[in-house]
Amino acid sequence: MTENIQSTEFDPEFDATWEEEDFSTGDYERVERAALRRVAGLSTELEDITEVEYRQLRLERVVLVGVWTEGTAADSDASMAELARLAETAGSEVLEGVVQRRDKPDAATYIGSGKVAELRDVVQATGADTVICDGELSPGQLRQLEEKLKVKVIDRTALILDIFAQHARSKEGKAQVELAQLQYLMPRLRGWGETLSRQAGGRAGGGNGGVGLRGPGETKIETDRRRIRARISKLRREIAAIGVIRETKRGRRTANEIPSIAIAGYTNAGKSSLLNALTGAGVLVEDALFATLDPTTRRALTPDGLPYTLTDTVGFVRHLPHQLVEAFRSTLEEVGQSDLLVHVVDGSDGMPEKQVKAVREVLSEINDKTDTPMPRELLVVNKIDAVGDLGMARLRHLFPDASFVSAHSGLGIEELKVRIAELMPHPEVVVEALVPYARGEVVARVHRDGEVLSEKHTESGTLLNARVRPDLADVLEEFATNGTPA
């Protein structure tokens with residue numbers, strides 16, 4: 001289960017010698033995450049399982065349950081292994097994992113009533129307090145399983161949402177995660193007994209009502225739903241407002257004709273490590289799923305000195321909850337608005353082709369919802385330092401057009417920079433201009449924002465033959481030696 005990615009575990013004795021100015025943004029975030037740990041066994045929280053939706057999700061000792069409906073046994077094992085990584089990332093201890101072979105999940109209990117009895121024995125034998133199902137459970141399945149197992153039951157979607165809630169840092173990220181959680185929670189609200197009692201009713205002066213309070217009243221669940229709908233509307237307005245700010249920043253970069261590159265890929269494939277290797281961004285890097293959620297944009301230069309921006313986006317996973325795709329739409333639109341998509345793949349994974357398929361499915365969903373065509377894709381296979389010769393041969397056969405790098409060791413990074421420069425959009429206007437020596441700032445701008453094909457110093461000034469963008473071509477028009485730019 002261990003994947004090789006650039007990861008730094010903090011040793012208190014070693015890190016005490018670090019100077020504060022040596023810390024990057026990711027270092028500070030890692031220290032903050034490690035500063036508070038839950039102490040097991042001290043909770044006085046009520047254990048009434050009927051109120052699990054109203055409590056904060058708490059994972060401790062868990063048993064995993066999966067239904068194998070299609071694919072090979074290796075595919076099923078890989079899905080369960082990923083579920084175990086997700087559970088560990090959320091802060092739980094995985095005790096056992098069971099898989100049932102079925103044509104389709106049981107409509108009532110997900111795994112069937114007979115298997116539920118066997119699962120109850122496993123839960124009791126291991127002392128688990130939570131069961132995690134490798135799929136999205138309907139409200140009815142969730143209720144049936146909790147009633148029969150007598151422990152908390154959650155599904156894959158709730159688990160991923162919990163991880164996102166732990167790792168969201170920015171205002172936009174927190175709002176997006178809360179919106180996704182509320183959309184997931186809405187159809188799953190339920191209660192028994194007093195929790196469903198009417199707020200009003202009874203005789204005047206009685207203990208259960210009074211003047212102005214007679215009538216059908218409103219149940220607690222109706223009140224909860226009304227409040228959740230109001231909160232969802234408010235969050236959508238907040239995210240839309242933040243999206244306007246993001247669009248303004250993107251428009252400013254577009255106005256300056258700076259090419260943009262989006263880094264996308266499977267979670268824990270090494271996207272943040274690659275961003276650090278290409279730009280020295282210093283963002284958080286951990287060997288964990290969904291370690292970073294908030295997009296980070298940094299400026300970089302091609303080997304020829306041309307500027308461009310790199311944006312690290314949220315990671316994807318098999319069966320990414322549709323609530324997250326909807327809530328993170330504004331963030332994921334960075335992919336569709338970019339000039340080049342760098343798709344990072346974990347080369348050390350047993351089935352990297354499954355990762356590529358899962359990411360492309362999510363990108364296709366974004367494309368359908370936003371009606372934005374996807375940019376040109378550059379496949380980058382990361383972590384090749386953890387792959388043997390036989391594995392490399394298989395990877396080169398699977399992805400013949402990919403770039404192979406190790407963000408951790410730096411292997412292949414320089415070649416990747418050259419490849420990115422080749423695939424980026426280039427200035428399309430060719431000009432020949434004689435710029436007076438007194439206008440040195442114009443020559444400097446051509447070097448900075450264009451591609452100089454030839455340069456010659458004459459008595460009258462600098463003779464340039466360059467490829468530039470339209471806005472710079474307009475500036476050079478007065479110095480053009482052939483009348484107008486070509």
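In this predicted model, Val116, Leu119 and Arg120 of helix H4 meet Leu145, Lys148 and Leu149 of helix H5, where contact means heavy atoms within 4.5 Å. By class, this contact of H4 with H5 has four nonpolar, no polar and two charged residues; Ala, Val, Leu, Ile, Met, Phe, Trp, Tyr, Cys and Pro count as nonpolar, Asp, Glu, Lys and Arg as charged, and the others, Gly among them, as polar. Helices (H or I, at least four residues) and strands (E, at least two) are DSSP runs, numbered from the N terminus.

Residues are numbered from 1 along each chain as its sequence is written. The model being predicted, local features need pLDDT of at least 70 and side-chain atom pairs count only at pLDDT 80 or more, while totals for chains, interfaces and linings use all residues, and side-chain values use heavy atoms, with hydrogens and water left out.

**Helix packing**

| Pair | Angle | Axis separation |
|---|---|---|
| H4 (residues 113-126) and H5 (residues 139-149) | about 50 degrees | 10 Å |
| H3 (residues 73-89) and H6 | about 40 degrees | 9 Å |
| H6 (residues 156-167) and H7 (residues 171-185) | about 155 degrees | 9 Å |

Angles under 35 degrees count as roughly parallel, over 145 as roughly antiparallel, 65 to 115 as roughly perpendicular and the rest as oblique. H4 and H5 are therefore oblique to each other, and their crossing is right-handed; a crossing has this hand if the near helix is turned clockwise from the far one by less than a right angle, and is left-handed if the turn is anticlockwise.

H3 and H6 are likewise oblique, but their crossing is left-handed. On the H3 side the contact consists of Ser79, Glu82, Leu83, Leu86, Ala87 and Thr89, which meet Arg156, Leu159, Ile160, Ile163, Gln166 and His167 in H6. Six nonpolar, four polar and two charged residues make up this contact of H3 with H6.

H6 also packs against H7, and these two helices are roughly antiparallel to each other, with a left-handed crossing. Here H6 contributes Thr157, Ala158, Leu161, Phe164 and Ala165, while H7 contributes Val177, Ala180, Gln181 and Tyr184. The residues of the contact of H6 with H7 divide into seven nonpolar, two polar and no charged.

**A covered helix and its surroundings**

Helix H9 (residues 271-279) is mostly covered, seven of its nine residues being buried, a term that means under 20% relative accessible area, with over 50% called exposed and values in between partly exposed (1.4 Å probe, protein chains only). The buried residues of H9 are Lys271, Ser272, Ser273, Leu274, Leu275, Asn276 and Leu278. Their cover includes the strands E5 (260-265), E6 (296-301), E7 (307-312), E8 (340-346) and E9 (376-382), together with helix H14 (413-423). Just after H9, Gly280 takes a positive phi of about 65 degrees.

Two residues in loops call for attention on account of their backbone angles. Most residues other than glycine have a negative phi. Asn268, although not a glycine, has a positive phi of about 65 degrees; Asn268 is found in the loop between E5 and H9 and counts as buried at 5% relative accessibility. Lys383, also not a glycine, has a positive phi of about 65 degrees, and its place is in the loop between E9 and helix H13 (389-398), where Lys383 is buried with a relative accessible area of 2%.

Thr267 lies in the loop between E5 and H9 and is buried at 5% relative accessibility. Leaving aside its neighbours within four places in sequence, Thr267 is in contact with Leu289, Phe290, Gly315, Phe316 and Val317.

Thr311, in strand E7, counts as buried at 4% relative accessibility. The C-alpha atoms of Thr311 and Ser260 are 7.7 Å apart, although 51 residues separate them along the chain. With neighbours within four places in sequence left aside, the contacts of Thr311 are Ile261, Ala262, Ile263, Pro295, Thr296, Thr297 and Glu334.

**The protein as a whole**

The protein has 16 helices and 13 strands, and 48% of its 486 residues count as buried. Among contacts between residues at least 6 apart in sequence, 69% join residues at least 24 apart.

Key. Axes are lines fitted to C-alpha atoms, for helices over the stretch in contact, and angles run from 0 to 180 degrees between N-to-C directions.
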